[in-house]
Amino acid sequence: AFCFAQVLFASYTGFAGTSIYDAFSISACNALLFIPLCFYSLNRPLPKHAALQRPELYRVGPSKVHLNPSTVLEWLLRAVVQALLLFFLVLSVLSSDHVSPSGSPISLSQLAASTFSLFLIVQCFNVLLEMHTWTVVQVCVIVFGLAFAFLLYFICNATVALGALVDLHALSSLSYDVAALLLAPLVVVACMLPVVCARYWRSNYCAGPLELARRMGESAAMGGPAPEAGAKSG
């Protein structure tokens with residue numbers, strides 16, 4: 001999604017060679033998303049005792065049920081759709097006709113800061129949505145990871161050697177722009193709604209072995225009957 005938004009911007013500007021992101025955003029993208037992804041690796045689709053009671057589930061990994069070309073294609077399609085929605089919503093709201101509270105037209109630095117900030121927020125929501133169980137530690141790491149990203153903006157802006165990488169005024173000025181503030185929830189809802197709908201359909205009509213095992217565990221814990229399998233398994 002990060003790279004595809006740049007491709008869309010290049011096409012929008014007639015391949016003028018201008019980047020939608022500043023130097024800090026390009027350098028820090030992978031580093032800022034690395035910590036939430038590390039803690040996501042600690043996520044368990046099933047409790048440990050439930051996994052030990054169902055050894056047949058360990059065949060899911062070698063059989064590549066959840067990691068196969070269709071899974072990669074699904075993630076690629078998600079990235080393309082989210083980049084399209086993010087890019088066109090940002091350009092629609094913060095277009096060249098948009099006037100900031102200071103009375104000046106929106107600048108490229110403000111456009112870059114808004115795009116990169118919204119990209120980080122959407123990716124954090126992607127990680128949260130993919131978690132099977134939410135823990136306080138995982139949620140705090142993602143929330144503080146976002147705060148750390150904006151703290152890095154401030155540190156780079158305050159350092160003479162790194163000041164050329166970041167335009168903190170471009171980011172801070174957006175906090176007084178009502179349109180830019182309302183853009184954040186609009187982008188998050190637009191980018192995550194298709195993912196939520198796809199997950200709902202897959203969970204209810206195309207549930208895999210892990211999802212069925214999780215339902216059986218929840219049903220057993222509540223003392224109810226075991227749920228029936230969906231229309232298709234895997």
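## Reading a helical model

Biologist: Which residues are buried in helix α1 (residues 2-12)?

Modeller: In helix α1, the buried residues are Phe-2, Ala-5, Leu-8, Phe-9 and Ala-10. Buried means under 20% relative accessible area, exposed means over 50%, and partly exposed lies in between, with a 1.4 Å probe and protein chains only. Helices (H or I, at least four residues) and strands (E, at least two) are DSSP runs, numbered from the N terminus. An α-helix has 3.6 residues a turn, so residues three or four places apart point the same way.

Biologist: What should I know about the model itself before going on?

Modeller: This is a predicted model, in which local features need pLDDT of at least 70 and side-chain atom pairs count only at pLDDT 80 or more, while totals for chains, interfaces and linings use all residues. Residues are numbered from 1 along each chain as its sequence is written, and side-chain values use heavy atoms, leaving out hydrogens and water.

Biologist: How many helices and strands does the protein have?

Modeller: The protein has 9 helices and 0 strands. Of its 234 residues, 37% count as buried.

Biologist: How do I read a nonpolar core?

Modeller: In soluble globular proteins, nonpolar side chains tend to be buried together. A nonpolar core is a set of buried Ala, Val, Leu, Ile, Met, Phe, Trp, Tyr and Cys residues joined through side-chain atoms within 4.5 Å. The largest one here has 41 residues, and those touching the most other members are Val-90, Leu-94, Phe-116, Phe-119, Leu-120, Leu-183 and Val-187. Two or more residues each come from α1, α2 (23-40), α4, α5 (108-130), α6 and α8 (178-205). Helix α5 gives the largest share, 11 residues.

Biologist: Is Leu-183 buried or exposed, and what does it touch?

Modeller: Leu-183, in helix α8, is buried because its relative accessible area is 1%. Contact means heavy atoms within 4.5 Å. Leaving aside neighbours within four places in sequence, Leu-183 is in contact with Leu-89, Val-90, Val-93, Leu-94, Ser-114 and Leu-118.

Biologist: Where is Gln-82, and which side chain makes a polar contact with its side chain?

Modeller: Gln-82 lies in helix α4 (residues 69-93) and is buried, with a relative accessible area of 4%. A polar contact is a pair of N or O atoms within 3.5 Å; within protein, one must be able to donate a hydrogen and the other to accept it, and residues adjacent in sequence count only if both atoms are side-chain atoms. The side chain of Gln-82 makes one with the side chain of Asn-126, at 2.9 Å. Not counting residues up to four places away in sequence, Gln-82 touches Val-122, Gln-123, Asn-126, Cys-191, Met-192 and Val-195.
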